[in-house]
Structure formats: structure tokens, C-alpha cells
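My entries follow in the order in which I looked things up.

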Amino acid sequence: MNSIFTYIFLGISLAAPLGPVKAMLLNTGIKNGFFHAWLFSFGALATDILYMVLVYFGVAQFIDTPFMKTLLWSFGCFVLTYTGIENLLSLNKIKMDLNFTKYVRLRHSLVSGFLMALLNPITILFWLGIYGSILVKSTESVTGIQIIVSSMAILVGIMLWDFILAFISGKGRKFLSTTLLKIVSILSSISMIGFGVYFGIQAYHSLL
């Protein structure tokens, strides 16, 4: 049990940094409410599970090739920069009318979370690096079932943190002013654009 809680805490720790996916999650909660943000996080979680399975079976090693790295950095640059700019241009849609979420389909938020995480090079490199290292270390002393349980515990930690972010961004907007919501949205959008530029630089360097 202590080991399981350790891996849950590890999942929370790994999910805590405000990367492009978390920034978009906050933006989704602010604009469309809790359920949209929560479904966005489930979409991102589906990508996490996909990469965990690929790393577990060793299929993900081809992602580490120079061509795939360049392709992923380029995709990440485009998606994050475009999304960040689009969010900045749609600031006028952020308002205190809590009924406007009905105009946005829930499945759109789910698919957005999946695609955002899928095309995020940080997600890929994270699972290749961090989870790959954990997997290598674990196989030395534990069984396959224990590895699966540990992996599930990491996912539970990620889900807990995403739920907290979704709750804060979705439910918290009831108690915040429109101006403050726009400031948070601007900061998260700038964060996404910053990551997009960084990914673009990495793609350029990988071509040299």
C-alpha cells in the first residue's frame, strides 16, 4: 500500500507543472466550465495511457529517431502557437454568463484534450524518459502485475491533479471577475505560445 501511494504521489508530482496541456485545461475550464475541463483532462489521459502502453511494449522507440523528433517538434509548434493565438483572439467570449457552455459540445473538449496531448512532444519525451526509466528499474525486482498496478497508481495521481485543476478553473469562475478570468486566460495563452516557439526552435535545431 505504501508503494501504491508513493506512485500516486509521483503521478501528482509529474502532472503538477504548468505545461501547454495544463494551460489549455485551465483555459477550457474558464471558458466552458468544469465538465468541459474534466473531459479535456480525460482526453489527455487517453494519450498518456497510449504512450504508456507503447513504452511498455517497446514500440515507442522509433519515436526517438531524428525524423520523428523533428516531425513532433514541428507539429507541437504549430498546434500550440495556433491555439494560444486563437485563445487571445477569443478573449471577448469570456464572460460571467454561466449558461454559455451549452453552445460547446462536450465531445469537442474530449477530442481537444486527446489531440493536444498527442501532438505535445513534451508528453512523448516524458513517457519515454520518466516512465521508461521507472519501467526499466521496476522490471529488475517486481512482476508484470506489480508494474501494471504501479502504472495505474501513476494514472490515478494524474487524474486527481487534473480534477483539481478542472474544479478550480470551472467552478472557481463563479467567484471571479471577468477581468481576472481574462488575465488567467491571457497568461495561459502566452504560456502555450511560449512552448510553441520553444518547440519550433527545437525543430529547427533538429534539422541542422
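**Surface and make-up**

I looked up the surface first: the accessible surface of the chain comes to about 11,200 Å², and 74% of that surface belongs to carbon and sulfur atoms. Accessible areas come from the Shrake-Rupley method with a 1.4 Å probe, and for residues only the protein chains shown count as cover.

I note that this is a predicted model, in which local features need pLDDT of at least 70, side-chain atom pairs count only at pLDDT 80 or more, and totals for chains, interfaces and linings use all residues. Residues are numbered from 1 along each chain as its sequence is written, and side-chain values use heavy atoms, with hydrogens and water left out.

I find eight helices and zero strands in the chain; helices (H or I, at least four residues) and strands (E, at least two) are DSSP runs, numbered from the N terminus. Of the 208 residues, 42% count as buried, that is, under 20% relative accessible area with a 1.4 Å probe, protein chains only. For contacts (heavy atoms within 4.5 Å), I took residues at least 6 apart in sequence: 89% of these contacts join residues at least 24 apart.

**H3 with H5**

I then turned to helix H3 (residues 34–56) and helix H5 (residues 106–118), which pack at an angle of about 40° with their axes 7 Å apart. Axes are lines fitted to C-alpha atoms, for helices over the stretch in contact, and angles run from 0 to 180 degrees between N-to-C directions. The contact includes Phe35, Leu39 and Phe42 of H3 and Leu106, Leu110 and Phe114 of H5. I list its residues as 14 nonpolar, six polar and no charged. Here Ala, Val, Leu, Ile, Met, Phe, Trp, Tyr, Cys and Pro count as nonpolar, Asp, Glu, Lys and Arg as charged, and the others, Gly among them, as polar.

**H2 with H3**

Helix H2 (residues 20–32) packs with H3 at an angle of about 155°, the axes being 8 Å apart. H2 is therefore roughly antiparallel to H3 (angles over 145 degrees). I find Val21, Met24, Leu25, Thr28, Gly29 and Asn32 of H2 in contact with His36, Ala37, Phe40, Ser41 and Ala44 of H3. By class, the contact of H2 with H3 has six nonpolar, five polar and no charged residues.

**Gly29**

Is Gly29 buried or exposed? Gly29 counts as buried because its relative accessibility is 0%. I also looked up Gly172: Gly29 and Gly172 are 143 residues apart in sequence, and 9.1 Å apart in space, C-alpha to C-alpha.

Definitions and conventions. Buried < 20%, exposed > 50% of the residue type's maximum accessible area, 1.4 Å probe, protein only. Parallel < 35°, antiparallel > 145°, perpendicular 65-115°, else oblique.
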